[in-house]
Amino acid sequence: MSTQQEFYEKLATAVNDLDEEQTAALAREAVEKGYDAWETIEQGLVAGVDRAGKLFDEEVYFIPELLIAADAMYAGLDILKPHVKRSGEAHKAKVVIGVIQGDTHDIGKNLVRLMLDVGGFEVIDLGRDVPPQTFVDRAKEVGAEIIAIGTLMTTTMEGMAEVIRILNQEGIREEFIVIIGGAPISQSYADKIGADGYGSKASHAVYLAKQLLEKRKEVAA
Amino acid sequence: MSTATRPVPKKDQLSSLERVVLALQYKKPDRVPVAPLVCGASRRVTGISYARWSQDAEAATASLVAAQDLIGFDGFLTLVDLSVEAEDFGQKLIFPENGTAYPDFDDQYLKSADDYDKIKRVDPTKTRRMKTVIDIVHGLAKARGQTVPVMGFVYGPLGVLSQIRGHAELFKDLIRHPARVLEAVQTINLTLIDYAVAQVRAGAHAIVIDPLYSSATILKKETWNRFEGPFVGAIADAVREAGAAVIVHNCGDGVYFDKVIENINPVGISHAYPAYGSKSWTEHAENWGKKVVTIGGVDPAQVGHVLSQEGVRELSREHIETFKVADGGFILSTGCEFPPHGNLLSAKTMVEAGRLYGQYE
């Protein structure tokens with residue numbers, strides 16, 4: 001293993017060990033050493049979060065650990081992002097994500113955002129308690145390919161249907177892939193409201209989004 | 001299943017109270033009790049706003065009674081929202097006209113980990129929101145307490161704290177500042193014990209304790225056991241001491257039944273998913289059906305928003321069949337609050353399914 005590879009391994013371990021300060025310190029060190037920022041993000045930060053995600057799937061880590069791993073990753077990302085050479089970055093599909101109006105539980109949404117971030121998407125986070133019309137307006141404004149909507153509550157799930165209703169009403173439904181998720185949501189509910197996809201776990205989000213984008217390309221071709 | 005093959009519903013032989021009390025003791029009543037947990041949805045029966053339903057005890061009581069008259073469910077649950085206790089500790093809330101009240105997460109009462117000592121014990125009988133719930137319990141007990149079980153509700157101390165600090169921040173504090181969190185949990189719990197006992201004194205037959213984070217989708221079992229297990233256990237002890245039964249409610253996925261039972265020893269657990277370690281309801285019924293009464297089975301979102309009435313009837317029948325192994329210790333329920341905007345007819349259909357398919361010999 002080269003010195004640089006060892007460094008990335010150290011960075012990944014810092015994220016996976018939930019060490020925010022060490023992650024930030026190593027990110028600064030990477031900049032000082034002149035390491036490629038994008039490579040450092042991918043092989044250090046993203047690798048660390050991937051490991052934390054695997055530990056989450058294996059029930060070694062739970063929500064608190066994953067949240068701190070995410071904090072660590074974002075601490076490093078804040079330092080490295082300004083140094084990324086744009087030309088080295090491939091085109092990223094844009095995802096507009098948010099928690100539907102009336103619901104402020106955003107941990108699940110934040111985990112999906114994290115997964116999509118590290119999975120190669122450009123994520124536009126609308127936050128929580130987002131009105132249906134705002135999802136549509138922002139998706140149009142940024143030229144998003146995907147609209148991702150979450151809710152934890154049975155009280156607010158109908159707002160997801162409202163987003164699709166607005167898209168249909170404006171005659172732009174086919175321009176966006178709509179994916180939904182959250183504790184009360186099921187595939188049958190997604191089918192009922194006409195969403196394109198449903199994910200039962202945050203870790204499924206990247207696979208689902210990529211699969212739907214591929215399907216869309218095939219249809220277009 | 002066509003209507004032609006459906007059995008004929010028999011007339012109820014027992015009151016709801018008698019039915020539920022027997023079921024909670026694994027004694028077969030006339031039929032499977034049905035509790036679709038119609039709470040906020042009841043406001044639509046009387047046509048009032050959610051904001052009023054949440055804050056006006058008299059109006060909420062009238063709505064719940066009217067909903068019971070309409071639907072015929074076998075128990076009242078005073079789950080108003082999960083922010084009741086939080087407001088009385090100082091958290092600012094938002095009351096939408098047509099939705100559940102929730103904390104203003106942009107204005108948390110505990111803005112940093114240094115703020116935990118702002119949490120002080122309060123007297124629930126002198127507060128705004130907890131007192132409202134106590135009054136609802138009193139109103140229901142007076143109106144229907146002779147025939148319909150009245151179940152009070154207390155959100156666990158860690159849940160209450162998450163409403164005051166913010167969920168994500170609290171979860172991170174469990175790792176970064178465990179001692180401060182524990183101290184706040186302890187203080188909150190003193191109030192919750194008083195609150196639970198006040199509801200019993202107001203006429204509740206049982207208190208439903210919600211340890212929401214005793215779920216594998218959120219916390220490690222040991223973490224929950226450290227930060228909430230013994231505290232909710234103390235609430236349970238106080239409730240039993242005051243003369244009421246203890247029930248647990250947790251609509252999270254993968255509830256740690258072993259630790260919940262060890263700490264709380266409830267007569268029943270209301271839950272929306274099979275217990276941690278059980279892959280299906282059938283497996284759950286086999287593993288836990290005879291150890292603690294299951295209150296649940298049917299998916300609330302499916303019942304309220306997706307299924308036809310025939311679908312609701314069939315889903316209910318399937319769960320009644322699955323829980324026959326429990327020898328009478330089963331209450332058909334949504335295991336989570338009935339969707340406030342869901343089809344109320346579906347709640348009535350669940351009760352009808354109990355009469356059709358849940359008759360005991």
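Guide: Helices (H or I, at least four residues) and strands (E, at least two) are DSSP runs, numbered from the N terminus. This is a predicted model, in which local features need pLDDT of at least 70, side-chain atom pairs count only at pLDDT 80 or more, and totals for chains, interfaces and linings use all residues. Residues are numbered from 1 along each chain as its sequence is written, while chains are lettered from A and ligands numbered from 1 in the order in which they are written.

Visitor: In which helix is the place of L315(B)?
Guide: The helix in question belongs to chain B and covers residues 309–322. L315(B) therefore lies in α15.

Visitor: Is L315(B) buried or exposed?
Guide: A residue is buried if 20 or more other C-beta atoms lie within 10 Å of its own, exposed if 12 or fewer, and partly exposed in between, with C-beta atoms placed from the backbone. L315(B) has 21 other C-beta atoms within 10 Å, so it counts as buried.

Visitor: Which residues does L315(B) touch, not counting those up to four places away in sequence?
Guide: Two residues are in contact if their C-beta atoms, placed from the backbone, lie within 7 Å. By this criterion, L315(B) touches V298(B), Q302(B) and L307(B).

Visitor: In what order do the eight strands of the open sheet in chain B lie?
Guide: Two strands pair if DSSP finds at least two bridges between them. The pairing in this sheet is parallel, and its edge strands, β1 (34–35) and β2 (76–77), each pair on one side only. The order is β1-β10-β9-β8-β7-β6-β5-β2.

Visitor: How many bridges join β5(B) to β6(B)?
Guide: One of the bridges links G152(B) to its partner I207(B) in β6(B). The two strands run parallel, and the bridges joining them number five.

Visitor: Which residue in β7(B) is the bridge partner of I207(B)?
Guide: Strands β6 (residues 206–210) and β7 (residues 245–250) of chain B pair in the parallel sense over four bridges. The partner of I207(B) in β7(B) is V246(B).

Visitor: How many of the six residues of strand β5 of chain B are buried?
Guide: V150(B), G152(B) and V154(B) point one way from β5(B), and M151(B), F153(B) and Y155(B) point the other way, all of them buried. The strand, residues 150–155, is largely enclosed by the rest of the structure because the number of its residues that are buried is six of the six.

Visitor: How are α3(A) and α4(A) oriented relative to each other?
Guide: Axes are lines fitted to C-alpha atoms, for helices over the stretch in contact, and angles run from 0 to 180 degrees between N-to-C directions. The axes of α3 (residues 37–57) and α4 (residues 63–80) of chain A come within 10 Å and cross at roughly 175°. Angles under 35 degrees count as roughly parallel, over 145 as roughly antiparallel, 65 to 115 as roughly perpendicular and the rest as oblique. The crossing angle therefore makes α3(A) and α4(A) roughly antiparallel.

Visitor: How far apart are the centres of domain 1 and domain 2 of chain A?
Guide: Domain bounds come from an automatic or database domain assignment, which divides chain A into domain 1 (3–87) and domain 2 (94–220). Taken over C-alpha atoms, the centres are separated by 27 Å.

Visitor: How many residues of chain A are in contact with chain B?
Guide: On the side of chain B that touches chain A, α8 (167–176) and α14 (300–306) each supply at least two residues. Chain B contributes 27 residues to the contact, and chain A contributes 20.
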